[in-house]
Amino acid sequence: GINAEYGKQWYQRRVRALLRACSKKHNLLTKEAATGQGFDRHLFALKHLNEKLGGTPLPLFTDTNYAKLNYIILSTSTLVSPALEVGGFAAVVKDGLGLGYAMFDDWFGTQASFYPPHNDGERFIQELNGVCEDLKTVLNGKSFKDSRTV
């Protein structure tokens, strides 16, 4: 059979591979958004131009599905610059969460916002802290299952 140490090493490699794949996809989505390739930005521009030109609201923008698409529960943003140590980002709906983050070569920081009492933002912050600790543990070559109970 497979011994426990081999299983732990396999698990650690798998978590690292998943983290790399996730980061690669995130970077792609970030680049697309920064260059206006996100479809939501195109819809926003169409709606804004229509309103600016005094047009009647287009059916797409009065559809309930469009409203659901724009009700963003978790809104994230990053602002990375060596000139900044911290930034801020707010939740965009009353029962939502805002998450700002920055990644540098030697540190990673987050900032969370929420509007009490509409959600449990304190629990979100606790869970976010736990996830960050898990990532640190895995990136330091240990299994996060050894460090924290989920």
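Analyst: One definition comes first: helices (H or I, at least four residues) and strands (E, at least two) are DSSP runs, numbered from the N terminus. The model is predicted, and local features need pLDDT of at least 70, side-chain atom pairs count only at pLDDT 80 or more, while totals for chains, interfaces and linings use all residues. Residues are numbered from 1 along each chain as its sequence is written, and side-chain values use heavy atoms, with hydrogens and water left out.

User: What pattern does the protein chain follow along the sequence?

Analyst: The protein chain has five helices and three strands, and along the sequence they are arranged as α-α-α-α-β-β-β-α.

User: What makes a space a pocket, and how much space lies in the largest pocket?

Analyst: On a 1 Å grid over the protein atoms alone, a pocket is an open set of points with protein on both sides within 12 Å along at least five of seven lines, and its lining residues have an atom within 4 Å of a point. The largest pocket holds about 1,100 Å³, a volume being the space filled by probe spheres set on grid points joined across faces, edges and corners. Its lining has 29 residues, with L19, S23, M103, F108 and L135 closest to the centre. At least two lining residues come from each of α1 (4–34), β1 (74–78), β2 (97–103), β3 (108–114) and α5 (121–139).

User: How is the lining of the largest pocket divided by class?

Analyst: Ala, Val, Leu, Ile, Met, Phe, Trp, Tyr, Cys and Pro count as nonpolar, Asp, Glu, Lys and Arg as charged, and the others, Gly among them, as polar. On that rule the lining of the largest pocket has 16 nonpolar, seven polar and six charged residues.

User: Which element gives the largest share of the lining of the second largest pocket?

Analyst: The second largest pocket, with about 770 Å³ of space, is lined by 21 residues, and L29, A33, D40, R41 and T76 lie nearest its centre. Two or more of these lining residues come from each of α1, α2 (39–52) and β1, and the largest share, six residues, is from α1.

User: Why does S75 count as buried?

Analyst: Buried means under 20% relative accessible area, exposed over 50%, and partly exposed in between (1.4 Å probe, protein chains only). S75, in strand β1, has 9% relative accessibility and therefore counts as buried. Apart from neighbours within four places in sequence, S75 is in contact (heavy atoms within 4.5 Å) with F89, V92, L97, G98 and L99. Across the 150 residues of the protein chain, 18% are buried; in α5 the buried residues are G121, L128, G130, D134, T137 and V138.

User: How do you know that the span of α5 agrees with its number of residues?

Analyst: The expected span is 1.5 Å times one less than the number of residues. For the 19 residues of α5 this gives 27 Å, and the end C-alpha atoms are 27 Å apart, so the two agree. The 14 residues of α2 likewise should span 20 Å, and its end C-alpha atoms are 20 Å apart, which agrees.

User: What kind of peptide bond joins P116 and P117?

Analyst: Most residues other than glycine have a negative phi, and most peptide bonds are trans. The bond between P116 and P117 is cis, with omega about 0°, and P117 is in the loop between β3 and α5.

Technical notes. On a 1 Å grid over the protein atoms alone, a cavity is a set of points where a 1.4 Å probe fits but cannot get out, and a pocket is an open set with protein on both sides within 12 Å along at least five of seven lines; lining residues have an atom within 4 Å of a point.
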